[in-house]
Structures are given as C-alpha cells and as structure tokens.
Amino acid sequence: MPRVVQVIAPAPFGGAESVVRLLAEELPHAGCEVMVAALVGQQQAHPWVSQLREHGIRVEPVGSDGGGLLSEPRRLRDLCTTFGADIL
C-alpha cells in the first residue's frame with residue numbers, strides 16, 4: 001500500500017485546500033494510506049486542520065518551533081520518515 005503525504009500551507013478555505021481534502025478522501029479508495037502535513041507556523045489551532053479531522057483525515061500540523069528557517073523542513077522530513085512516505 002503506497003503511503004502518500006500531501007503538504008500544504010493552508011488558508012481557512014480555498015482551491016488548493018479543497019483539492020487536498022478531496023484527494024485525501026479519495027486516495028484510500030485507490031489503496032493508498034494518506035496523511036496531510038499542514039504547515040501552520042506557530043498557530044496552535046487552524047480551522048482547516050479541524051475540518052479535515054472531522055472528515056476522518058489524518059492531519060499532522062507542522063509548526064515552527066522557533067528553531068529558525070530550517071526547523072519546518074526538518075520537522076517535515078522527520079514526519080515523512082516516521083510515516084514511511086512513498087510519495088510526497
């Protein structure tokens with residue numbers, strides 16, 4: 001089963017956000033395990049992340065930990081490695 005990670009810096013709503021949500025809902029029907037990595041900065045709660053979770057979609061917020069410009073890419077790398085992502 002391929003493992004797919006979708007990465008997005010979400011707005012509360014919009015076109016890209018709708019596409020990511022639809023893919024995250026439909027890819028499991030094609031035999032994929034899906035996770036969405038949401039680049040949300042230092043926000044503790046994001047309305048779009050909450051909406052995906054309400055639809056049963058696995059979402060992992062990737063926020064800044066104050067570690068400088070490379071902290072988010074490092075956290076994203078670690079998340080993808082832990083999940084065992086085949087497709088990013």
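**View A. Residue Q6 in strand β1 of the predicted model**. Q6 belongs to strand β1, strands (E, at least two residues) and helices (H or I, at least four) being DSSP runs numbered from the N terminus. Q6 is buried, at a relative accessible area of 10%; buried means under 20%, exposed over 50% and partly exposed in between, with a 1.4 Å probe and protein chains only. Not counting residues up to four places away in sequence, Q6 touches V20, L23, A24, V34, M35, V36 and A37 (contact: heavy atoms within 4.5 Å). A polar atom of the Q6 side chain lies 3.4 Å from the backbone oxygen of V20.

**View B. The buried and exposed residues of helix α3**. Helix α3 comprises residues 71-83. Its buried residues are S71, L76, L79, C80 and F83. They cover an arc of only 165° around the axis, which puts them on the same side of α3; the arc is that of the directions from the helix axis to the C-beta atoms. These buried residues pack against β1 (3-8), β2 (33-41) and β3 (59-63). The face turned away from the buried side carries the exposed residues T81 and T82. G84, with a positive phi near 80°, follows α3.

**View C. R3 and the ring of F83**. The charged end of R3 sits over the F83 ring, 5.4 Å from its centre (criterion: NZ of Lys or CZ of Arg within 6 Å of the ring centre and within 35 degrees of the ring normal).

**Notes.** Residues are numbered from 1 along each chain as its sequence is written, and side-chain values use heavy atoms, leaving out hydrogens and water. In this predicted model, local features need pLDDT of at least 70 and side-chain atom pairs count only at pLDDT 80 or more, whereas totals for chains, interfaces and linings use all residues.

How values were computed. The expected span of a helix is 1.5 Å times one less than its number of residues. A polar contact is a pair of N or O atoms within 3.5 Å; within protein, one must be able to donate a hydrogen and the other to accept it, and residues adjacent in sequence count only if both atoms are side-chain atoms.
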